[in-house]
Amino acid sequence: MRTRILIAFFLFCLISNQSIACDCRDSKDVKEIQNREFTNSKYIFIGEISKIDTKKHTFEVKVIESFKGVKNGKVYRGVYDKLCGPIINEVGKWLIYGTSYSDNAIKVNVCGLTRSFKNPGHIISATKPPKPLPSKASKSQIEKETIAWKERAKADLAKEIAVLRKRCN
């Protein structure tokens, strides 16, 4: 009996500690997601991430090309949600969708389309991962599929930026 109580208590603590999870399941239609992001974002821009603080979940970004709400050349402090992402985890160029957080700070949209130019496929909500290959698939087949997926993600990002440029000019 005591073992059951301890197991129940452990499970209760585990579940209550992790109950602030998110669900990023979204429409399969990328255009629908992009329209929602455009409508719900106060700020949309291409920026250069120069500093990241993974403990505070903050970053510093300089605006390279603004589509909505920010000025080119200005440096902002940004915040991201470590549980629901997208997580800003590398310096370099990023497409950022965000809202106001505080003075001179931007909060990346939770479960949004913010992504890096280097690894645009990391946002699973908008990019379809490669289909599972048969268990007998060779290493070269797996590598080819992974490369094709990464190329599709880069092409999708380029198309999205082209649409943003048309929409904002």
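Tutor: Let's start with confidence: this is a predicted model, with a mean pLDDT of 81 for the protein and 76% of its residues at 70 or more.

Student: What makes residues 4–19 stand apart?

Tutor: In residues 4–19 pLDDT stays under 50, and the model gives them zero contacts beyond four places in sequence.

Student: Why are β1 and β4 called paired strands?

Tutor: Pairing needs at least two bridges. Strand β1 (residues 43–53) and strand β4 (residues 92–102) are joined by seven, so they pair, and they run antiparallel.

Student: What links β4 to β5?

Tutor: Four bridges, in the antiparallel sense, with β5 covering residues 105–108. T99, for instance, has K107 as its bridge partner in β5. The two strands form a hairpin with two residues between them, and N104 in the turn has a positive phi of about 60 degrees.

Student: Why is the charge of K68 said to sit over a ring?

Tutor: NZ of Lys must be within 6 Å of the ring centre and within 35 degrees of the ring normal. The charged end of K68 is 4.5 Å from the centre of the F38 ring and is placed over that ring, so it counts. K93 likewise sits over F117, 4.7 Å from the ring centre.

Note on methods:
Residues numbered from 1 in each chain as written. Predicted model: local features only at pLDDT ≥ 70, side-chain atom pairs only at ≥ 80, totals over all residues. Heavy atoms only, no water. pLDDT = per-residue confidence, 0-100. Contact = heavy atoms within 4.5 Å.
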